[in-house]
Amino acid sequence: MPQVTKFNQSGKELEKVELNDSVFNDKINKHVVHQVVNAQLAARRGGNASTKTRGKVRGGGRKPWRQKGTGRARHGSIRSPLWVGGGITFGPSPRSYDKKLTKKMRRLALRSVLTDKVDRDELILVDKIDLDQPKTKAVVNILADLNLEDKKVVLVMPEKDKNLYLSARNIPNVKTLLAGSINAYDLLDNEMVIFIEEAVKMVEEVLGE
């Protein structure tokens, strides 16, 4: 079974902890991870770019000049795409970029990423983090004690902790996530993953089914 080091919030090493084999020691499926990350990034796209075709541009109902006899090219509307102020040919219109993924794919991608993090020694445990009040310096000190002050870090909490969230949100290289909201992209986008011990148990319950 894979093992990771557990620390307290002062950076003191406590013990080695064994993790669930089916979650943190799964076969890495790069293809599924790629699909899931692409789907997450696609879902962030607005898809609200919009242009008007010739039928949607105001005006142009009258033929600008008669068909024959003027010596000029024939035209039926001043809102043709050939004219300044006319419609746009094949322009973008509102659409959804969402890609459908099954629950099985999302879970497989998460297990693959978590396995990779453990293999690379990029995942550590902290028994708990107790803050009496929101204070950014407190989280900065915790990261320094763990030798992670220069790393891009995602901190996974078992439940919403207002003091911890408010303390960490002003640190550019730190992102907080709830155990139920972890995803492949955010785990890959950060160099280190810090799990509060209770959060690991929650993840193992869901992904280990």
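**Cores and salt bridges**

Trainee: Which residues touch the most other members in the largest nonpolar core?

Mentor: Phe 24, Leu 114, Leu 123, Phe 195 and Val 203, out of 31 residues in that core. A nonpolar core here is a set of buried Ala, Val, Leu, Ile, Met, Phe, Trp, Tyr and Cys residues joined through side-chain atoms within 4.5 Å; buried means under 20% relative accessible area, exposed over 50%, partly exposed in between (1.4 Å probe, protein chains only).

Trainee: Before we go on, what kind of model is this?

Mentor: A predicted one: local features need pLDDT of at least 70, side-chain atom pairs count only at pLDDT 80 or more, and totals for chains, interfaces and linings use all residues. Residues are numbered from 1 along each chain as its sequence is written, and side-chain values use heavy atoms, leaving out hydrogens and water.

Trainee: OK, what is Leu 123 in contact with?

Mentor: Leaving aside neighbours within four places in sequence, its contacts (heavy atoms within 4.5 Å) include Val 4, Phe 24, Leu 114 and Phe 195.

Trainee: New topic: how many salt bridges are there?

Mentor: Nine in the whole structure, each a side-chain nitrogen of Lys or Arg within 4 Å of a carboxyl oxygen of Asp or Glu. One of them pairs Lys 6 with Glu 197, at 3.2 Å, N to O.

Trainee: Are those two buried or exposed?

Mentor: Both Lys 6 and Glu 197 are buried.

Trainee: And Glu 122, which residue does that form a salt bridge with?

Mentor: Lys 117, with the closest N and O atoms 3.1 Å apart. Glu 122 is partly exposed at 21% relative accessible area, while Lys 117 is buried at 3%.
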